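Hello,

Here is the structure you wanted to look at. My notes on how two parts of one chain meet come below it.

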Amino acid sequence: MNNRKMNITPNTTWRETTPGGVVIDAGNAEDFKTGDWRAMRPVWHEEKCKHCLLCWVVCPDNSILVENGKLTGFDYDHCKGCGVCTKQCKFGALDFVPEE
Amino acid sequence: MPNLKELSNKKVRFTGGHRMCAGCGAPMVVNWILKALKDDERAVISNATGCLEVSSCLYPYTAWKDSWIHTAFENAAATGSGAEAAFKAMQRKGLVDGKYKFIAFGGDGGTYDIGLQSLSGAMERGHDMLYVCYDNGAYMNTGIQRSSATPMGADTTTSPAGKAKPGKEQFRKDLTEIMVAHNLPYVAQSVPVIPGTPYMFDLYNKAEKAFNTVGPKFMNVLTPCPRGWRCDTATELELMKLAVDTCFWPLYEVENGVYKINYIPKEKKPITEWLKPQGRFKHLFKPENEHIIQKIQEEVDRRWEKLLYLAGVK
Amino acid sequence: MAKRVSLSGNEAVAYGMKQINPDVVAAFPITPSTEVPQYFSQFVANGEVDTEFVPVESEHSAMSACIGAAAAGGRVMTATASAGLALMWEMLYVGASMRLPMVLAVTNRALSGPINIHNDHSDTMGARDSGWIQLYGESAQEAYDNLMQAIRIGEHKDVQLPVMVCYDGFITSHAVENLEMLDDEDVKKFVGVKREAPFALLGQDPISMGPLDLPNHYFEHKRLQAEAMKNAKKVILEVAAEYEKLTGRKYSFFEEYKMEDAEAAIVVINSTAGTAKFVVDNLRAQGKKVGLIKIRVFRPFPAEEIAEALKNVKAVAVMDKADSFSAAGGPLFTEIRSAMYGKVDGKIITNYIYGLGGRDVRSENIEQVYSDLFKAIETGKYEIYNYLGVRE
Amino acid sequence: MGKLVEIRWHGRGGQGAKTASLLLAEVAFNTGKYIQGFPEYGPERMGAPITAYNRISDDPISIHSNIYEPDYVVVVDETLIKSVPVTAGLKENGAVIVNTAKSPEEIKKELNYNGKVYTIDARKISEETLGAYFPNTPMLAAVVKITEVIPVDVFLNDIEASFKHKFANKPQVVPKNMEAVKRALEEVKGNE
């Protein structure tokens with residue numbers, strides 16, 4: 001992200017770091033990708049989806065994208081592939097498949 | 001029932017990119033507690049050391065979109081109470097304005113055990129804050145050591161099941177009742193949001209009620225930990241239903257001393273249904289340990305009966 | 001106009017806190033510090049301050065609540081002693097590393113065990129490496145003056161560190177003495193009404209404080225923290241200069257008493273310095289070239305300045321009112337000897353552990369130390385490590 | 001250094017010896033003196049023997065040790081004479097002041113001390129003027145008179161002002177307290 005106030009890199013020196021390790025960019029964990037943790041992958045079949053949002057309700061990683069009450073897809077940058085969402089779908093709109 | 005479409009438009013306060021285990025229950029709890037805040041309210045969150053803390057804020061990243069502070073394991077309530085006190089004084093002096101809600105999150109280790117004194121102190125002093133315990137029944141952060149919230153019989157790394165001892169030998173402490181004894185305006189016991197149940201939004205509704213109550217509030221939320229419980233991650237919410245249906249974890253709230261059970265199962269399931277899918281109880285199903293399961297069942301029954309009595313149901 | 005008053009050390013500190021009118025005071029009673037929160041809660045009850053007084057259930061929670069309040073952006077003060085400070089221990093480190101200015105008044109008391117409520121310096125000396133600035137004072141006046149300056153030092157933008165204001169339990173905390181207090185308005189002007197926090201939980205933008213800090217960044221944060229302690233040296237002198245303009249009372253890292261031509265000097269902390277000055281005066285009257293250095297700032301440690309101040313003496317006795325149990329000398333001694341190494345060599349330097357657990361320090365005891373020093377100068381023979389006033 | 005007067009008080013916990021020493025410090029302070037007033041602390045509770053100290057001087061006082069060779073000793077409770085060496089270290093040219101109905105000569109026999117002995121019946125004065133046993137006020141007056149740490153007339157003005165301040169809500173007790181002070185100044189007597 002380029003709108004961050006902090007620019008902390010692995011090369012940041014003590015003079016440039018933040019005092020006490022304060023993090024002044026709230027929510028910047030979004031910049032950290034946890035998608036590569038996945039061994040299994042939820043796959044969305046849009047045509048079967050009733051947009052009940054029950055998958056969105058349970059996702060521990062805020063990785064199910066919803067716009068204006070409609071599911072629009074998965075945030076695979078952060079989805080860890082826990083599969084909890086796929087168990088909620090009563091309409092067969094979510095498959096849970098091994099990562100290739 | 002809250003409108004999911006409306007809720008989905010609310011701002012996200014806890015982002016992806018945190019490093020909790022895949023399928024961890026704690027972020028589910030955090031998400032829905034924070035969703036109960038109004039969009040114009042800002043939260044100041046105090047977090048006890050634990051899984052949630054180490055995984056949600058690793059320098060230089062934070063998953064929190066509200067102000068958040070971690071100082072130590074045993075003092076989330078005291079730390080939060082200081083922030084709340086500062087707000088009151090600074091507001092009185094005209095140094096800050098805006099709507100703030102003060103929240104503390106701790107696991108069962110940081111709440112039932114090492115943090116109990118600081119929790120009790122902060123609640124007794126009456127700070128306007130909500131303390132949420134995400135109770136996954138052991139010190140998961142350090143590698144699944146028993147806590148006073150660990151259920152009897154559980155195999156943990158400090159209450160291991162062996163030839164001489166069948167896992168944890170004591171029943172779990174009833175922290176919710178201890179908090180009720182503080183005579184707080186609001187105490188509740190809940191589970192994460194579980195679709196398809198009559199109590200789906202129990203957690204959200206209780207958080208909303210807590211935020212609308214002035215003074216000290218406490219919520220105890222049973223939270224699945226697939227790693228510590230040794231259960232199938234994808235079906236962990238099914239296990240939560242069983243905790244409720246076996247009355248191992250009743251859903252209830254106590255408002256100004258008045259008990260209300262939020263869900264009474266039509267048919268109470270035997271405790272074995274909750275124990276069986278969890279690897280930490282596997283050894284209990286050996287024939288020689290049958291009496292332990294019986295003991296657990298008796299205690300679950302006794303506590304449930306007591307709750308029914310307190311709630312005036314029986 | 002300053003007011004001339006007679007107050008005990010604890011009263012002076014509590015009145016000082018009242019004049020500062022902090023946002024939060026979170027405190028727990030412990031002898032001999034109890035009176036501070038006691039007096040202060042009366043000010044709160046009388047509506048004389050706008051402070052939130054948080055009567056916590058332990059010192060651990062006292063420091064935790066102070067950290068929470070300081071992190072929120074508030075100006076925060078508390079008081080404790082001995083075991084209370086020990087119970088805060090973990091949080092002392094956390095508060096300093098989070099770079100939160102706070103002021104903690106410590107009435108120095110022996111740290112158990114066996115339990116003892118009387119004065120020595122084992123409590124704050126044990127906390128010397130926690131990252132807090134430590135100011136020590138001989139009298140109620142100095143405790144009060146240090147309290148005022150502590151606010152400014154800790155909150156300075158180049159410092160942002162918590163400060164302990166230490167004074168002797170009972171000897172200073174409970175003794176009524178003459179002192180001068182500032183006018184309320186002058187205090188307001190000197191400390192300002194609001195803490196300028198560079199970041200705060202209640203600030204404009206949400207922040208996260210106290211992250212998990214792994215090997216890739218932790219060291220840099222500690223290095224930055226160390227720099228703040230270095231910066232504190234300059235700030236301590238600046239604040240002292242400003243305070244002197246206001247009060248006429250001069251403060252520095254340490255006080256030099258009759259050191260100009262001194263051949264034998266002792267270095268000491270807190271109230272014993274007063275007794276030692278009395279002895280210096282008497283010995284000077286007998287023509288003996290003796291002097292005294294009283295440490296005010298122990299953290300940051302004024303190593304170069306101390307070495308400079310001791311460069312002309314022949315023999316130095318460092319007085320420690322705390323043992324380090326290192327079997328190699330007390331905490332002040334090891335600092336001073338280390339400061340002198342390579343700067344001023346060839347001096348006789350000895351150590352006296354004294355006054356533990358409130359053992360009264362009589363002028364005769366101090367005379368003994370000077371006498372030992374002169375003997376050492378004459379004969380070149382001396383013991384390095386000594387226990388003063390213990391029954392042999 | 002100007003004249004330094006050192007005083008040691010002996011009393012029992014709860015009887016007010018500590019308070020009396022602080023009051024003496026206060027009145028001396030009010031006349032521009034440098035003062036110290038400090039108790040010696042222990043685990044003492046009600047009834048246990050306690051010690052308190054005063055230093056009073058025209059110049060700043062730096063010494064912070066206890067007082068071992070006092071100029072004056074004040075005994076607030078005469079029963080202590082049997083159990084505590086109250087005159088230990090007391091300077092021969094100093095004096096001891098004892099709260100007792102006995103005469104100085106009688107008390108002197110009980111003390112191991114060759115200097116001056118003064119007595120004051122603070123109980124009688126207190127009960128007759130204040131209607132209850134508050135020994136501090138008469139003791140304080142007696143100590144001022146004997147030690148001369150401040151002039152008696154200055155003391156009278158100052159103590160009256162402080163009574164008026166202290167008893168702002170019940171001004172009728174001010175004359176009674178002043179009566180106690182004046183009687184004590186008259187009735188304290190020595191063996192000289």
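Five salt bridges are counted between domain 1 of chain C and domain 2 of chain C (a salt bridge is a side-chain nitrogen of Lys or Arg within 4 Å of a carboxyl oxygen of Asp or Glu). C:Lys294 forms a salt bridge with C:Glu138, with their closest N and O atoms 2.9 Å apart.

Some ground rules. This is a predicted model, where local features need pLDDT of at least 70 and side-chain atom pairs count only at pLDDT 80 or more, while totals for chains, interfaces and linings use all residues. Residues are numbered from 1 along each chain as its sequence is written, chains are lettered from A and ligands numbered from 1 in the order written, and side-chain values use heavy atoms, leaving out hydrogens and water.

Domain 1 of chain C covers 3-247, and domain 2 covers 255-388 (bounds from an automatic or database domain assignment). Their centres, taken over C-alpha atoms, are 28 Å apart. The contact takes 30 residues from domain 1 of chain C and 26 residues from domain 2 of chain C (contact means heavy atoms within 4.5 Å).

The two domains of chain C bury about 2,200 Å² between them, 53% of it on carbon and sulfur atoms (buried area is the accessible area, 1.4 Å probe, that two parts lose on being put together, summed over both). In domain 1 of chain C, the residues losing the most area to domain 2 are C:Tyr136, C:Glu138 and C:Lys233. Together they make up 28% of what that side buries.

Best wishes
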